[in-house]
Amino acid sequence: MEIVKTKENSSLTFALEGRLDTMTAPQLEAEVNNSLEGVTDLAFDFAKLVYVSSAGLRVLLAAQKKMNKQGKMEVRNVCPEIKEVLDVTGFSDILTIV
């Protein structure tokens, strides 16, 4: 998986490409944990993400919990296959998907 991080003032976007799974989730988790200080707007861009596993969902949930305390978070450009995973797992009720 490739992660492209873009920070502008207090806004941070992670653009993800490839698969967010058991092998790559720890990499994203480390990036998120090391980058949230001072961030009030967090976004994940899924335009080039093709797969997300339960390990990836756990990282998103942890990020959402942190952002609930310091700002807002949204998930953008979700493909139909990943949207279905978010719907079935109930994550579409927890996350802001735009």
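Select α2 (54-70). This helix lies across β2, β3 and β4, at about 170° to β3. Helices (H or I, at least four residues) and strands (E, at least two) are DSSP runs, numbered from the N terminus. Axes are lines fitted to C-alpha atoms, for helices over the stretch in contact (heavy atoms within 4.5 Å). Angles run from 0 to 180 degrees between N-to-C directions.

This is a predicted model: local features need pLDDT of at least 70, side-chain atom pairs count only at pLDDT 80 or more, and totals for chains, interfaces and linings use all residues. Residues are numbered from 1 along each chain as its sequence is written, and side-chain values use heavy atoms, leaving out hydrogens and water.

Next, show the strands. They form an open sheet of 4, ordered β1-β2-β3-β4, with mixed pairing (at least two DSSP bridges between two strands). β1 (2-8) and β4 stand at the edges with a single partner each, so one side of each has no neighbour in the sheet.

Now select α1. It lies across β1, β2 and β3, at about 175° to β2.

Move to Asp21, in the loop between β2 (11-20) and α1 (25-33). Is Asp21 buried or exposed? It counts as buried, because its relative accessibility is 14% (buried is under 20%, exposed over 50%, partly exposed in between, with a 1.4 Å probe and protein chains only). The Asp21 side chain reaches the backbone nitrogen of Met23 at 3.1 Å.

Finish at Gly18, which stands opposite Leu49 in β3.

Notes: Polar contact = N/O pair within 3.5 Å; in protein donor to acceptor, adjacent residues only side chain to side chain.
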